[in-house]
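This report walks through the architecture, surface and side-chain contacts of one chain. Please keep the sequence and the coordinates at hand while reading.

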Amino acid sequence: MLHFLEGEVAGSAGASMMSTILMLVLMVGIFYFMLIRPENKRKKEAEQMRTAVKTGDKITTIGGIVGTVVSIKEDKFVVETGADQVRIELAKWALSSNETANEAAREAAMKAQEEKAKAKAAKKASKSK
């Protein structure tokens, strides 16, 4: 009778261990898809934005400096700020946003949305005939 109880306890301990491992794997998966993957995506987009900056773009740095890019070097760029034309050399990692690129992306999205609406209206009009 004692051997029967020992086998039952060992079986429940194995099942408990498997459920613990399963929960741990599930938590790691949730952390990956909820935290790690989106953060890596944001980093990749920021790096892509920094490499795509060109002369004439209106930018904002992480320190709040707003200006126009005058020249670009390998890992630095020169920004001209304000009416007094002060020029500041900054590292590319300090670039926070590119207003010129953001504005162009907004215009492209609006144009695509308008074209989609026109196509939908044309489809609806041809359907009603």
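What share of the contacts in the chain with a separation of 6 or more comes from residues 24 or more positions apart? In this predicted model, such residues account for 33% of those contacts.

## Overall architecture

The chain contains two helices and five strands, and from the N terminus on these elements follow the order α-β-β-β-β-β-α. Of the 129 residues in the chain, 15% are buried, while the chain exposes about 10,600 Å², of which carbon and sulfur atoms supply 63%.

## Nonpolar patch and aromatic pair

A nonpolar patch on the surface is formed by Met23, Leu26, Met27, Ile30, Phe31, Tyr32, Phe33, Met34, Leu35 and Ile36, which together have about 1,000 Å² of accessible area. Ile36 is placed in helix 1, which covers residues 2-52, and its relative accessible area of 42% makes Ile36 partly exposed. Tyr32, at 38% relative accessibility, likewise counts as partly exposed.

A search of the whole structure finds one aromatic pair. It consists of Tyr32 and Phe33, whose ring centres are 5.1 Å apart and whose planes stand at 80 degrees, so the pair is edge-to-face.

## A buried aspartate

Asp57 lies in the loop between helix 1 and strand 1 (58-61), and it counts as buried because its relative accessibility is 3%. A polar atom of the Asp57 side chain is 3.1 Å from the backbone nitrogen of Lys54. When residues up to four places away in sequence are not counted, Asp57 touches Ala52, Gly67, Thr68, Val69, Asn98 and Thr100.

## Salt bridges

The count of salt bridges comes to four. One of them joins the side chains of Arg42 and Glu39, with an N to O distance of 3.1 Å; these two residues are three residues apart in helix 1 and are therefore separated by about one helical turn. Arg42 is partly exposed, with a relative accessible area of 48%, and Glu39 is partly exposed as well, at 33%.

Another salt bridge is formed by Glu89 and Lys73, whose closest N and O atoms are 3.3 Å apart. This pair links distant parts of the chain, with Glu89 in strand 4 (residues 86-91) and Lys73, 16 residues apart from it, in the loop between strand 2 (66-72) and strand 3 (76-81). Glu89 is partly exposed at 44%, as is Lys73 at 46%. Glu80 forms a salt bridge with Arg87, the closest N and O atoms lying 3.1 Å apart; here Glu80 is partly exposed, with a relative accessible area of 21%, whereas Arg87 counts as exposed at 53%.

Technical notes
Residues numbered from 1 in each chain as written. Predicted model: local features only at pLDDT ≥ 70, side-chain atom pairs only at ≥ 80, totals over all residues. Heavy atoms only, no water. Patch = residues over 30% accessible without salt bridge, like charges linked within 9 Å, V, L, I, M, F, W, Y side chains within 5 Å. Areas by Shrake-Rupley, 256 points an atom, 1.4 Å probe, with all protein chains shown as cover. Helix = DSSP H or I, 4+ residues; strand = E, 2+ residues; numbered from the N terminus. Buried < 20%, exposed > 50% of the residue type's maximum accessible area, 1.4 Å probe, protein only. Contact = heavy atoms within 4.5 Å. Phe/Tyr/Trp six-rings, centres within 6.5 Å; stacked < 30°, edge-to-face > 60°. Polar contact = N/O pair within 3.5 Å; in protein donor to acceptor, adjacent residues only side chain to side chain.
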